[in-house]
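Hello! Here is the structure I promised to pass on to you.

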Amino acid sequence: MLDFVQNHIFISLLIINYVIAIGTAFFIILNNRNPITTVSYILSLIVLPFVGLLIYFFFGQEYRKDKMFKRRKVFNNKKVKEWEKKLLVGEQKLDQYEDRFLDNQVNIVKLLQNNQKKPLTFGNDVEILLNGEKKFESLFKDIEQAKDYIHLEYYIFNSDKVGLQLIDILCKKAQEGIHIRVIYDYVGSALSGKQEKRMQSAGIEIFPFMPVWFPNLTRKLNYRDHRKIVIIDGTLGYVGGINVSDDYVNPCKKGYWRDTHLRIKGNAIKSLQSHFLLNWNFV
């Protein structure tokens with residue numbers, strides 16, 4: 001056996017490579033939720049002996065991010081619970097509120113407060129915005145009225161028609177002295193370097209969330225910032241499913257896009273603001 005290995009060193013190494021590659025392929029299938037990334041790595045293991053293993057172990061493993069996100073989650077949860085504990089309403093008070101205006105919904109409020117420690121807040125005005133046309137029309141008007149600061153956090157922030165409209169307004173407000181902070185997801189967004197520099201030149205603070213070298217080869221796409229929120233002056237906010245992209249404004253190239261956003265005014269903005277500031281500190 002030893003003589004065979006010595007006389008056929010390349011074949012022996014190739015066999016060892018594919019034994020490791022098969023084990024690695026099973027690991028990838030079990031641990032990777034993204035099918036495109038899974039197929040890409042498995043093909044590289046098959047087609048590129050030795051090199052495929054190097055590619056996966058250098059770029060497919062994200063032990064550092066695993067550890068970093070676990071620490072971040074613990075820190076964030078602790079801080080949010082500290083802040084929101086002050087806003088939680090006791091069960092005796094909730095029973096009193098039920099008689100006044102919660103009708104038969106008090107059990108839902110108790111469930112939310114006990115499950116995720118999400119507080120019941122009062123003094124809120126909520127407007128439902130159907131689709132991108134309504135959302136951006138309303139958002140642009142509110143940004144124009146900002147007096148102190150604007151916070152934006154988006155998974156998709158593109159340099160297309162609606163994106164440029166937003167950038168134009170933000171640059172104008174920044175030059176008026178409004179403090180603007182922007183977080184955009186590095187993988188989800190298609191924000192050009194030119195437009196990013198333009199915003200920075202106008203005085204806007206802007207940072208990408210979790211930059212990666214090869215976005216298409218990123219193994220765990222759940223390490224992304226899927227939020228779509230705006231907070232204006234700490235009293236008005238937007239949250240929902242509509243990103244900054246022409247795809248969300250009808251008629252769009254992909255057909256008709258149906259989505260929902262909320263315009264919220266009141267004390268609920270405090271919770272929205274706390275989550276933004278934790279992410280801002282992270283980026």
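Contact here is made by Leu-164, Ile-167, Asp-168 and Cys-171 on the α9 side, and by Gln-195, Arg-198 and Met-199 on the α10 side; "contact" means heavy atoms within 4.5 Å. By class, four of these residues are nonpolar, one is polar and two are charged. For these classes, Ala, Val, Leu, Ile, Met, Phe, Trp, Tyr, Cys and Pro count as nonpolar, Asp, Glu, Lys and Arg as charged, and the others, Gly among them, as polar.

Before going on, please note that this is a predicted model: local features need pLDDT of at least 70, side-chain atom pairs count only at pLDDT 80 or more, and totals for chains, interfaces and linings use all residues. Residues are numbered from 1 along each chain as its sequence is written, and side-chain values use heavy atoms, with hydrogens and water left out.

Two packed helices are described by the angle between their axes and the distance between the axes. For α9 (residues 161-175) and α10 (residues 193-201), the axes come within 9 Å and cross at roughly 20°. Axes are lines fitted to C-alpha atoms, for helices over the stretch in contact, and angles run from 0 to 180 degrees between N-to-C directions. The two helices are therefore roughly parallel to each other (under 35 degrees; over 145 is roughly antiparallel, 65 to 115 roughly perpendicular and the rest oblique).

Leaving out residues up to four places away in sequence, Gln-195 touches Ser-159, Leu-164 and Ile-167.

Helix α9 also packs with α8, at an angle of about 10° and with the axes 10 Å apart. That makes α8 roughly parallel to α9. From α8, the contact uses Phe-136, Phe-140, Ile-143 and Glu-144, while α9 brings several residues, including Val-162, Leu-166 and Lys-173. By class, this contact has seven nonpolar, one polar and three charged residues.

Now for the strands. Seven of them form an open sheet in the order β1-β7-β6-β5-β2-β3-β4, with mixed pairing; two strands pair if DSSP finds at least two bridges between them. The edge strands are β1 (125-130) and β4 (205-209), each pairing on one side only. From one strand to the next, the twist averages 10°. Strands β1 and β7 run antiparallel and are joined by six bridges, with Glu-127 having Arg-263 as its partner in β7. Five bridges join β6 (residues 236-240) to β7 (residues 260-265), also antiparallel; here Leu-236 stands opposite Lys-265, and Val-239 has Leu-262 as its bridge partner. Helix α8 (residues 131-144) lies across β1, β2, β5, β6 and β7, at about 135° to β1.

As for the whole protein chain, there are eleven helices and seven strands, taken as DSSP runs numbered from the N terminus (helices H or I, at least four residues; strands E, at least two). Of its 283 residues, 43% count as buried.

Happy exploring!

Conventions
Buried < 20%, exposed > 50% of the residue type's maximum accessible area, 1.4 Å probe, protein only.
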